[in-house]
Amino acid sequence: MTLATLSEVLHPALTGGYAVAGLVTLGWEDMRAYVAAAEAENAPVILQAGPSCREHTPLPILGKMFRHLAEAASVPVVAHLDHGYTAEECRTAIDCGFTSVMFDGSRKPLTDNIEETRAIAKMAHAAGVSCEGEIGFVGYSGGEGSAGTDPDEAAQFAKETGVDAMAVSVGNVHLQQDKEGGLDEARIRMIEAVTDVPLVIHGGSGVPVAQRTALARGSNICKFNIGTELRMAFGEALRDAVNADPTRFDRVQILKETHEPVVAATRRVLRALKGA
C-alpha cells in the first residue's frame, strides 16, 4: 500500500528540487489514468476531490476509490480534499479515509482565515492527516478576480496556522484554458524569504510549462494543481470516441478509449515537474 499524506510527498520535493502534481479528479476514468501515468513516470501523485467532483460523487465513495487505487499503486498516492469550505466538510473527508485536506478560507478576513485554518490543521494532525491552507485569493478565468498574497500576511498565516502546505496567489488563475499567463516570480521570492512552508499553485493549467519546470526545480513551490488541462484532454478523447461510431451506445466501451490519451497528457504534466 502506498497511500501517503501530503507532507510525506511534499517535504522530499522541497529538498529535492521538484514538484508534485495535484490532479483534479472528476471520476473513475481520470483518476485511474492519473495513477497509471504516475507509475509510468515513477512519480508521486496527489488525487484531488474538488467541489464539482463532490457534487457528483459522495465523499465516502471518493475516499474508497482513492484508497483502492493507492493500495495497488507502486508510487505514493495522496487522497486529498481540494477546496473544503467548512470544518465539517474537512472532518467528513478525514472520516472517509482522506490523507490530506485543503481548507479554503481565502475569501475571509485574515484573522478569521487564520483562526479557522488553525483549528482544521489541529484536527487533521490529530488524525495523522495533512492540511493545506490558502492565503490570498486565487480568482477564476472569466469570474472572480484574484487578490494577490501579501508576503507579511503569508508569514503570519504559516506561523500561526501550522499548515503543511500554503496555497498562494501570485498571478495564477483557476480554469484558465491557455498557458499564456505567468506567475509573479518577484512576489514568490518575497514569500519564500519569510517562510519555508511548501508552496502550492492553484490554477496550474494556466502556467507556461517552462515556468512550471523552472519553479519546480528552483523555488519552494512543491505542488502544482492541474485540472483544466487534463479535463480538456479527456473531453477531446471522449468526443473522438463518440464520433468514431454514432451507433455505439455502451458507455464503458466508449470511456475505455479516453484512458490512453489522458495517460499521455498526464505523463507530460508529470515530466515537467521532475527535478533536473
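Where is Thr149 found, in terms of the strand and the helix on either side of the loop? Thr149 lies in the loop between strand E6 (130-135) and helix H7 (151-161). Helices (H or I, at least four residues) and strands (E, at least two) are DSSP runs, numbered from the N terminus.

The structure is a predicted model, in which local features need pLDDT of at least 70 and side-chain atom pairs count only at pLDDT 80 or more, while totals for chains, interfaces and linings use all residues. Residues are numbered from 1 along each chain as its sequence is written, and side-chain values use heavy atoms, with hydrogens and water left out.

**Overall form**

The protein has 12 helices and 9 strands. Its radius of gyration, taken over C-alpha atoms, is 18 Å, close to the 19 Å given by the globule rule for 276 residues, so the protein is as compact as a globular protein of that length. That rule is 2.2 Å times the number of residues to the power 0.38. The C-alpha trace spans about 60 × 40 × 35 Å along the principal axes of the protein. Of the 276 residues, 55% count as buried, meaning under 20% relative accessible area with a 1.4 Å probe, protein chains only. Contact means heavy atoms within 4.5 Å; among contacts between residues at least 6 apart in sequence, 71% join residues at least 24 apart.

**Surroundings of Thr149**

With 0% relative accessibility, Thr149 counts as buried. Leaving aside neighbours within four places in sequence, Thr149 is in contact with Ile135, Gly136, Ala154, Val168, Ser169, Arg187 and Ile191. Thr149 and Gly171 are 22 residues apart in sequence, and their C-alpha atoms are 9.5 Å apart in space.

Helix H10 (residues 228-244) has 17 residues, which at 1.5 Å a residue should span 24 Å; its end C-alpha atoms are 24 Å apart, in agreement. The expected span is 1.5 Å times one less than the number of residues.

| Helix | Buried residues |
|---|---|
| H9 | Gln211, Arg212, Thr213, Leu215, Ala216 |
| H10 | Thr228, Glu229, Leu230, Ala233, Gly235, Ala237, Ala241 |

The cover over the buried residues of H10 includes strand E2 (20-25), helix H2 (28-41), helix H9 (209-218), strand E9 (221-226), helix H11 (251-256) and helix H12 (259-272). The buried residues of H9, in turn, pack against helix H8 (185-194), E9, H10 and H12.

Terms used: Buried < 20%, exposed > 50% of the residue type's maximum accessible area, 1.4 Å probe, protein only.
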